[in-house]
Amino acid sequence: MRSEIRFAGVGGQGNILAGEWVALAAHNMGLNALQSPTYTAQVRGGPTTVDVLIDKEPLGYPRLTSIDFFLCLAQGAWKLFATQLRDDTVVVVDPNLVKNVGQGPQMVYPIPIIQITKQAVEKPVFTSAVSLGIFCRLTNVIPRDNMIHTIEQNAPAGTVEKNLLAFNTGWESVEGVIPVPRNELSVQNA
Amino acid sequence: MNVRDRVFWAGNEIIAEAAVRAGCNFYAGYPITPSSEIAALLSLRLPQLGGVFLQMEDEIAAMGAVVGGSLGGSKAMTATSGPGFSLKQENLGYAIMTETPCVVVDVQRGGPSTGTPTAPAQGDIMQARWGTHGDHTIIALTPGYPVEVYRETVRAFHLSEVYRTPVILLIDEVIAHTTESFEIPTDSELDPVQPRNWYQEKYAENSFRPFFDFYQGKHIHVTGLTHNKAGFATTVPEIVQESIEHLVNKILLKQKDIERNESYMLDDAEIAIITFGSPGRASKVAVDEARKEGIKVGLMRIITFWPFPKDTIRALVDNVKAVIVPEMNMGMLRMEVERAAMRRDVSLHGVNRVGGVPIEPKDVLEKIREVHRGL
């Protein structure tokens with residue numbers, strides 16, 4: 001089964017790293033995986049996104065056309081990368097950073113990702129692992145244990161513990177969050 | 001290597017690793033997005049293997065160092081992107097004139113000038129062919145899939161040694177920066193990886209000047225001036241004529257040996273898509289979709305871009321009713337297809353994207369439907 005996943009935000013948030021780890025986890029499960037980042041010439045602060053494509057079959061077009069899971073951490077990135085969404089795409093936004101999600105039939109999970117990262121792990125640099133926890137909980141693409149194993153294998157030395165804490169923080173943060181129809185979220189924030 | 005290892009590498013990593021596999025032991029370059037990962041990786045790999053990695057003061061010097069490295073007997077390469085490729089053109093011409101084997105990777109980005117450094121484009125195909133001055137031919141390869149990037153990188157080194165010429169590996173940012181699962185080819189699936197003296201024995205006729213490097217105990221003379229068969233400058237018209245004809249014909253007359261394309265569902269096609277690089281992947285998906293709708297469409301994806309597969313394309317165009325050319329430029333391949341077809345009545349359509357986003361399957365599919373309606 002083909003899965004299409006996109007993490008978007010601004011440079012420096014770790015979105016591309018999150019995508020890399022999802023794709024790597026899938027590759028290590030023996031699936032065909034690819035990840036394709038998009039970023040600007042700015043080192044930090046420019047809109048970035050990473051497309052992840054996973055399939056048992058050989059992969060054709062290396063970008064996304066029908067997204068299953070979309071997580072967005074910046075208004076500017078929403079404007080550029082909230083495309084190729086299906087009616088049933090699972091959408092996650094940080095409501096403190098993405099206030100205008102426009103109109104559409106999707107259900108949106110508003111989770112204050114940056115805020116909970118700072119509270120739990122103190123540094124926003126662990127946002128990527130929080131996003132991975134949310135992704136794993138809301139989809140069935142990568143089993144939790146496989147994701148944890150990939151984090152353990154690839155987190156820079158000395159950061160494994162905090163990355164796992166961040167992953168669990170993301171996993172727990174989904175608890176009790178009720179998705180809001182996209183149209184209503186826009187009205188709330190208008 | 002006889003067993004396929006399964007890896008998860010980006011295009012730029014593939015090029016660096018395949019270059020090492022091909023025996024590359026000399027790299028000189030100047031970092032430029034979106035090619036920098038090739039330099040970064042080789043700066044680690046080459047010293048481990050006893051090779052040389054040089055970061056030069058600029059793109060021009062880097063190309064000069066590559067020529068020097070190769071003349072010293074190394075298998076030399078560099079990697080760059082459009083703006084750097086422009087700066088390399090004079091020394092690229094020197095490598096062509098002095099028949100110095102080397103591999104130049106150009107990871108194309110949006111241009112002209114600084115353009116869009118992080119966005120994909122395919123606007124350097126004509127620069128690869130005609131960027132340096134004077135009469136010459138060039139070999140340029142345009143792989144589209146990870147395993148092919150690996151294979152064609154190894155082949156680039158092989159062809160550069162066989163034909164004593166720079167070979168350009170032209171990829172786009174989508175390929176360079178997409179990390180993907182694939183299996184590394186085994187030795188039997190790759191072109192030969194041999195030392196230079198192996199080529200010296202087999203392909204001596206491809207070198208107009210004596211086929212020797214420095215430090216082999218021979219007195220040799222290498223010059224960018226037009227030279228005679230001893231390697232010394234000459235203006236004798238007959239010799240100048242012969243030497244330039246040699247530079248052009250040693251590649252053009254071997255077109256069939258060098259040509260490589262992918263053909264997909266062309267046997268009964270009424271519409272042919274002709275493309276290269278990453279738009280080939282979008283096009284293949286579009287062909288599958290259109291076939292489901294009963295449209296007879298097929299795909300030719302060019303892997304050896306220069307010398308241009310003109311005979312293959314002429315035969316293809318004669319057998320279809322319409323041709324669609326998707327490319328991330330304003331119509332450079334389309335112009336070559338038009339020339340190759342040698343007909344004024346070809347129904348020829350472009351899908352051209354230069355906005356920095358890849359061509360999508362739906363872009364090609366919509367064009368297929370539109371062209372099909374008009375048949």
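**Exercise 1. Charge in chain A**

Find how far apart the mean positions of the positive and negative charges of chain A are.

*Solution.* Start with the counting rule: Lys and Arg are positive, Asp and Glu negative, while His and the chain ends are not counted. Place each charge at NZ of Lys, CZ of Arg, CG of Asp or CD of Glu. Chain A then has 14 positive and 16 negative charges, and their mean positions are 7 Å apart.

The model is predicted: local features need pLDDT of at least 70, side-chain atom pairs count only at pLDDT 80 or more, and totals for chains, interfaces and linings use all residues. Residues are numbered from 1 along each chain as its sequence is written, chains are lettered from A and ligands numbered from 1 in the order in which they are written, and side-chain values use heavy atoms, with hydrogens and water left out.

**Exercise 2. The fold of chain A**

*Solution.* Take helices (H or I, at least four residues) and strands (E, at least two) as DSSP runs, numbered from the N terminus. The C-alpha trace spans about 45 × 40 × 35 Å along its principal axes.

Next, burial: under 20% relative accessible area is buried, over 50% exposed, and in between partly exposed (1.4 Å probe, protein chains only). Of the 190 residues in chain A, 54% are buried. Then contacts, meaning heavy atoms within 4.5 Å. Among those in chain A between residues at least 6 apart in sequence, 61% join residues at least 24 apart.

**Exercise 3. Ile111(A)**

Is Ile111(A) buried or exposed? Which residues is Ile111(A) in contact with, leaving aside its neighbours within four places in sequence?

*Solution.* Locate Ile111(A) in the loop between strand E6 (107-110) and helix H3 (113-121) of chain A. Its relative accessible area is 1%, so Ile111(A) is buried. Beyond neighbours within four places in sequence, the contacts of Ile111(A) are Val92(A), Val93(A), Asp94(A), Pro95(A), Ile116(A), Ile134(A), Ser173(A), Val174(A) and Val177(A).

**Exercise 4. Salt bridges**

*Solution.* Over all chains, the structure holds 34 salt bridges.

- Arg2(A) and Glu4(A) form one, 2.9 Å from N to O. Arg2(A) is partly exposed at 31%. Glu4(A) is buried at 2%.
- Glu180(B) and Arg281(B) form another, with the closest N and O atoms 2.9 Å apart. Glu180(B) is in strand E9 (residues 179-183) and Arg281(B) in helix H11 (residues 279-292) of chain B, so the pair ties together parts 101 residues apart in sequence. Both residues are buried.
- Asp191(B) and Arg260(B) meet at 3.5 Å, N to O. This pair ties together parts that are 69 residues apart in sequence. Asp191(B) is buried at 18%, whereas Arg260(B) is partly exposed at 28%.

**Exercise 5. Asp124(B)**

Which side chain of opposite charge is nearest to Asp124(B)?

*Solution.* Asp124(B) lies in the loop between strand E6 (116-120) and helix H5 (125-130) of chain B. Asp124(B) is buried but has no salt bridge. The nearest side chain of opposite charge is Arg109(B), 7.9 Å away.

Notes. Salt bridge = Lys/Arg side-chain N within 4 Å of Asp/Glu carboxyl O.
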